[in-house]
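Please read the points below with the structure open beside you. They go from the basis of the model to single residues.

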Amino acid sequence: MNTLFRAGDGLLLIDVQVDFCPGGALPIPLGDEIVPVLNRWIDAAREANIPIYASRDWHPLGHPSFESVGGVWPEHCLQDSAGAAFHPRLALPNETIIVTKGTRFDKDQYSAFSETGLSRRLDRDGVKRVWVCGLALDVCVRASALDARRHGFAVALDPIGSRAVEPSRTDAVMDELERAGVVVERTEAA
Ligand code: ZN
């Protein structure tokens, strides 16, 4: 596992929250299966002194993404609710840098880079290559990986650390990401 990361890497965990896992408000099929994988990567990152970033969807009441106000998603990840918490088995260390998104009243933010200033923070931390993982592959992971490329970062993604809302879209999303320059790294046997 020590060969997983190199100097200049950053580990970016997207929205590994209770509401996005089975039993939550907007469950992603098998979403919680990634947690043990991510915990191994977190351990490896800490061992290699690689910074860890964890984004969270953090919606106000009546957020424009909610179906109740004309959006496309059921109500989820309400600020300070149990569903908005990180998955209880996700072993985030204290030094994790939390990236909060989805707080705007006028639009949704799928990407962890969307008006959060994350690219500036990654630059400051000396990050050149971002390992992107989390939930959901076809929504916020996709948007974050594409934005990381747009901001000029190298991006690595191992599909074992992500799951799609629509699993049938997985292959198409992976193709799209690879065309955008995301490098698929297969780190572990399934
Ligand atoms: Zn959301």
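1. Contact here means heavy atoms within 4.5 Å. Helices (H or I, at least four residues) and strands (E, at least two) are DSSP runs, numbered from the N terminus. Buried means under 20% relative accessible area, exposed over 50%, and partly exposed in between, with a 1.4 Å probe and protein chains only. The model is predicted: local features need pLDDT of at least 70, side-chain atom pairs count only at pLDDT 80 or more, and totals for chains, interfaces and linings use all residues. Residues are numbered from 1 along each chain as its sequence is written, and side-chain values use heavy atoms, with hydrogens and water left out.

2. Start with S119, which sits in helix α2. Is S119 buried or exposed? S119 counts as buried, because its relative accessibility is 17%. Leaving aside neighbours within four places in sequence, S119 is in contact with F113, H151 and F153.

3. Two of those partners also meet each other. Rings of Phe, Tyr and Trp (its six-membered ring) pair if their centres lie within 6.5 Å; planes under 30 degrees apart count as stacked, over 60 as edge-to-face and the rest as tilted. The count by this rule is 3 aromatic pairs. F113 and F153 make a tilted pair, 6.2 Å centre to centre with 40 degrees between the planes. F113 belongs to the loop between β3 and α2 (118–124) and F153 to the loop between α3 and β5, so the pair ties together parts that are 40 residues apart in sequence. Both F113 and F153 are buried. Elsewhere, ring pairs link F5, W41 and W131 into a cluster.

4. Next, the core. A nonpolar core is a set of buried Ala, Val, Leu, Ile, Met, Phe, Trp, Tyr and Cys residues joined through side-chain atoms within 4.5 Å. The largest one has 58 residues, of which F5, L11, L13 and W41 touch the most other members. Beyond its neighbours within four places in sequence, L11 has contacts that include F5, W41, I42, I52, W131 and C133. In soluble globular proteins, nonpolar side chains tend to be buried together.

5. Helix α1 covers residues 35–47. Its 13 residues reach 18 Å from first C-alpha to last, close to the 18 Å expected at 1.5 Å a residue (the expected span is 1.5 Å times one less than the number of residues). The buried residues of α1 include V35, L38, W41, I42 and A45. What covers the buried residues of α1 includes β1, β2 and β4. N49 follows α1 and has a positive phi, near 60 degrees.

6. How many of the 14 residues of helix α3 (residues 137–150) are buried? The number is 11, so α3 is mostly covered. Among them are L137, V139, C140, V141 and L146. The cover over the buried residues of α3 includes β1 (9–14), β3 (97–101), β4 (129–135) and α4 (170–179). After α3 comes G152, with a positive phi near 95 degrees.

7. Donors are N, O and S atoms within 2.8 Å of the metal (3.2 Å for Na, K and Ca); water is not among the atoms, so sites may look incomplete. The protein donors of the zinc ion are D57 (OD), H59 (NE2) and H76 (NE2), at 1.9 to 2.1 Å from it. D57 lies in strand β2 (residues 52–57) and H76 in the loop between β2 and β3, so the pair ties together parts that are 19 residues apart in sequence. D57 and H76 are both buried.

8. Some backbone values deserve a check. Most residues other than glycine have a negative phi, and most peptide bonds are trans. D15, in the loop between β1 and α1, has a positive phi near 50 degrees. D80, in the loop between β2 and β3, has a positive phi near 70 degrees. D15 is buried, with a relative accessible area of 0%, whereas D80 counts as exposed at 69% relative accessibility. The peptide bond from L135 to A136 is cis, with omega near -15 degrees. A136 is placed in the loop between β4 and α3.
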